[in-house]
Amino acid sequence: MPIPPSLIKKLRRIVGRKQVETGPAELLVYESDGLRLHTARPGCVVYPASTDEVSQLVKVCCQAGVPFVARGAGTGLSGGAICDGGVIIQLSRMNRVLAVHPDDRYAVVQPGVTNEYLNLQTRGHGLEFAPDPSSGVSCTIGGNVAEDAGGPHTLKYGVTHNHVLGQTVVFPDGETATLGGPFPVSTGPSFSTFLIGTEGTIAITTEIIVRLVPVAPAVVTMLAIYSKVADATDAVSGILTAGVLPAALEMIDHLCIQAVEAHLKAGFPTDAAAVLIIELDGEETLMKREAEIVARVCRGQGTAAFYTAETDEERLRLWQGRKHAAGALGKITQAFYTNDGVVPRSRLTDIFQAIYRIGDKYGLRIGNMCHAGDGVIHPQILFDSDDPQGPGRAMDCSRDILLACLEMGGSITGEHGVGVEKRGYIDQMYSAVDLAHMIRLRDGFNPGGCLNPGKIFPNNAKDGETGSAASIPPGAGE
Ligand SMILES: Cc1cc2nc3c(=O)[nH]c(=O)nc-3n(C[C@H](O)[C@H](O)[C@H](O)COP(=O)(O)OP(=O)(O)OC[C@H]3O[C@@H](n4cnc5c(N)ncnc54)[C@H](O)[C@@H]3O)c2cc1C
């Protein structure tokens, strides 16, 4: 249903005529996020510049019963930032770092600030925001908060919720609240933390207080090359059980290596079955000892070769290879689908065997890059987009991999969220009671369901609905 002209008029009154887009060409951009397989055409896009404008916008949308969704950079990979026929609240104008407090190690930012820009503002003070999604050049802190984003360095430093001290939010009825604050407070529930990872279904974040950590005094980056994937995955467990906690412990397998070398020339040997990138950070003497342990474990695990990056340039090249591996796949395929699951680290070898087996079953090539130290996997499922069955087969293949993760005691998402992509599988992971309580919480804040409908839960389930995973069985929880 088109958005009523009376609502468009009200939106324009709030943000100004030029800050509301309704043209088909402009709306095309907002039909999907990074997951191209789910698309929905919004009714319009608005660009607010302040918390107050966001509050006024959601109020009028709610009154009109029109759905709306907050959007950062649209790099999400689970279809979270799309809104069928509704209003996209695009936060890119709210892109300022408002304050950096080096002495108290925190910064206050607007939600549209990117990870890279924030760190450019803080590194001069010897501080940084630790969560480092591979999309950090373009994704926003607001998006990080909504998805509880991780990244290579979260093995040592933790994910977004470990680095957010407080936030200003707008609830769907337009009420604004300031939650948490720069200093630890132990009064009452940590409401700001509760909201992190709720994928923009409970409130819109309009300001964030982020914790800053000191930039490590020294960094060592190593590359271990393997001719068997199982040796690489066993080395991951070996390094961690040897008592070393690397800042990052990443793995890329053969197909992704091929793509990276065709595109970026990061220096990965193209005949390797897999490579591990192992990064240590901290004091130099400690790191030297840890680097020796890592080298010993990797060699004991049958590494074909082991290198330490000698210069910053070499280090950056290795990271370019890892962080841009997904983009590089475009060199060897027309289309691919990024899966995101988790297994206990001890099951890494098993999940890779399962992934290759599942790929063979569907006749699809799968390249892998993963945050191996955390057990977070990102199989990249290559498919033929000219084949009408291609996308469906890739999604089925992805589903089988996620179910294998669950069988191994893992999760259907490591860091990309559930969105629309995985809402059909969430009842495989949580009981009906668990889901019902989650939905009840969401509905308490989003009673009309106008904010980001249809995400996370099956069929936009509502508490009390019969026949869905959402109902609480009588007596449950007693
Ligand atoms: C190449 C590539 C690499 C990636 N690597 C990683 C990685 O290493 N780790 C990782 O965790 N993710 C990764 N991602 C996924 C994605 O970049 C992250 O989830 C990121 O945090 C999304 O930020 P965004 O600004 O693009 O959010 P969007 O895609 O715009 O939105 C994502 C969700 O957040 C909600 N949202 C956005 N802003 C707000 C707000 N201010 N208030 C309330 N809700 C909001 C939206 O409604 C939507 O549901 C990667 C993606 C790509 C394309």
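This is a predicted model: local features need pLDDT of at least 70, side-chain atom pairs count only at pLDDT 80 or more; totals for chains, interfaces and linings use all residues.
1. A309 sits in the loop that links β15 (305–308) to α11 (312–323). Residues are numbered from 1 along each chain as its sequence is written.

2. Is A309 buried or exposed? A309 counts as buried because it has 20 C-beta neighbours inside 10 Å. The cut-offs are these: buried means 20 or more other C-beta atoms within 10 Å of the residue's own, exposed means 12 or fewer, and partly exposed lies in between, with C-beta atoms placed from the backbone. Leaving aside residues up to four places away in sequence, A309 touches T221, E314, R315 and L318. Contact means that the C-beta atoms of two residues, placed from the backbone, lie within 7 Å. L223 is 86 residues from A309 in sequence, yet the two are 7.7 Å apart in space, C-alpha to C-alpha.

3. The protein is divided into domain 1 (5–90), domain 2 (97–214), domain 3 (217–326) and domain 4 (333–422). These bounds come from an automatic or database domain assignment. Taken over C-alpha atoms, the centres of domain 2 and domain 3 are 29 Å apart. Five residues of domain 2 are in contact with seven of domain 3. On the domain 2 side, the touching residues are two nonpolar, two polar and one charged. Nonpolar covers Ala, Val, Leu, Ile, Met, Phe, Trp, Tyr, Cys and Pro; charged covers Asp, Glu, Lys and Arg; the others, Gly among them, are polar.

4. Now the ligand. Its surroundings comprise 36 residues, the closest being G72, G80, G142, G143 and G200. A residue is near the molecule if its C-beta atom, placed from the backbone, lies within 6 Å of it. The shell splits into 13 nonpolar, 18 polar and five charged residues. Domain 1 and domain 2 each supply at least three residues of this shell. At least two residues come from each of β3 (68–71), α5 (141–147) and β10 (204–211). Which element gives the most? α5 does, with five residues.

5. Strands pair here if DSSP finds at least two bridges between them. β2 (residues 44–46) and β4 (residues 87–90) pair in the parallel sense over three bridges. In that pairing, V46 has I89 of β4 as its bridge partner.

6. Two backbone angles deserve a look. Most residues other than glycine have a negative phi. R105 has a positive phi of about 55 degrees and is not a glycine. R105 lies in the loop between β5 (97–101) and β6 (106–109). It is partly exposed, with 17 other C-beta atoms within 10 Å. E199, also not a glycine, has a positive phi of about 55 degrees. E199 lies in the loop between α7 (191–195) and β10. E199 is buried, because 21 other C-beta atoms lie within 10 Å.

Conventions: Helices (H or I, at least four residues) and strands (E, at least two) are DSSP runs, numbered from the N terminus.
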